[in-house]
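Please view the sequence and the structure first.

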Amino acid sequence: MIIMALDHIRDYFHSDAFLYDPLDLNKTSVVLFFTRWITHFCAPIFVMLAGTSAFLSGQRKTKKELAAFLVKRGIWLIILEETAINFSWFFNTHFTFFILGVIWVLGLSMICLAALIFLPKKWILGIGLLMVFGHNLLDSVHFNGTSISGFLWGAIHERKVFAIGETHIGEGYQIIPWAGVMALGYCLGNIFANGFDVAKRKKILLQLGVGSWILFIIIRSVNMYGNLYPWTTQASSVRTFLSFINITKYPPSLDYLLVTEGFAFIFMALTENVSNRLTKMISVYGRVPMFYYIIHIWLIHLFALLLVVLQGHPWTDMTAFTSWVDGMANLKGYGLPLGAVYIVWLSLVALLYPLCKKYDRYKSSHKDKWWLSYL
């Protein structure tokens, strides 16, 4: 969640964000490449652990109760994404641009998981693996972007911008394979259940993590399957390495998921018993994820609005977006150098800490309020 804020701040503050893709090897720097690349780990870990959380929550509920909660939670997230969150990203009261982003796909995946949990666990595991390992077979399938089939395919597997009159819908997160990632997270919940041997859990996580990375290296080296774009030899060994690890996020390729989820497995195995002042502070953000997510967007956009005025642009340049922020041509010439972006990032995360801590205490002392489980 802390790293996620870096990516969003880079989008709204970095001057080069409005000029080129930070993963474009012909234009980017190594530092900028990794500033963007490191944030790849956010969404897949969110989605996987949402499935794990659903499993653990289900230990205290019947299957019907869990399914009902997942459906209600999923619908709520979708509505929240396309209303309050959409407005906070774009400050567009006319709502001419909607984004089907990570909150949307979390909600949709929860609804899918609500149906899957009634299947035997081996079936859930098989469906999740099929989505993750097989979805790149669909990369060559395309539908017209202006047709209903094109819109549906954009929601299912292919990144698109769909137009309905003057309204545009950015389809950034697709149900395949994200629903499969959540299903696998649900299966992973078994090793986090009460009574499961800690040493055995660490061993399993390490095996999964190392195995995922080895499999990534093999598949990526073959360079025939597992990613939308193959890697190529560049002018230097460093650039060639960057090309090798330049994995596709939209939709998340097999290579992308092997790298990111592999890291998550290893990280969880190595940090389970780590407890110090820093981890206690970080956990505050994790206990109020939706609150943090919504507030951090508002602060980023409001601070960007202030900066755009201070740099001599009209304040309207930071409002009424008709695309994602880095696609707004009127913002070329605005922004900060990358070093300053990092300062803004750390400052914002620090500013959010007391707010998250206060809300966390409120949640802890008001567990009787059902609506808190949705925020």
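Glutamate 272 and arginine 201 form a salt bridge, with their closest N and O atoms 2.5 Å apart. A salt bridge here is a side-chain nitrogen of Lys or Arg within 4 Å of a carboxyl oxygen of Asp or Glu. The two residues lie 71 residues apart, in distant parts of the chain: glutamate 272 in the loop between H11 and helix H12 (277-287), arginine 201 in helix H9 (residues 198-222). Helices are DSSP runs (H or I, at least four residues), numbered from the N terminus.

Arginine 201 is buried, at 7% relative accessible area, while glutamate 272 is partly exposed at 29%. Buried means under 20% relative accessible area, exposed over 50%, and partly exposed in between (1.4 Å probe, protein chains only).

## Basis of the values

This is a predicted model; local features need pLDDT of at least 70, side-chain atom pairs count only at pLDDT 80 or more, and totals for chains, interfaces and linings use all residues. Residues are numbered from 1 along each chain as its sequence is written, and side-chain values use heavy atoms, leaving out hydrogens and water.

## Other salt bridges

The whole structure has six salt bridges. One of them joins arginine 10 and aspartate 7 at 3.0 Å, N to O, and both residues are buried. Because they are three residues apart in helix H1 (residues 2-13), about one helical turn separates them. A network of salt bridges links Asp7, Arg10, Asp11 and Arg36.
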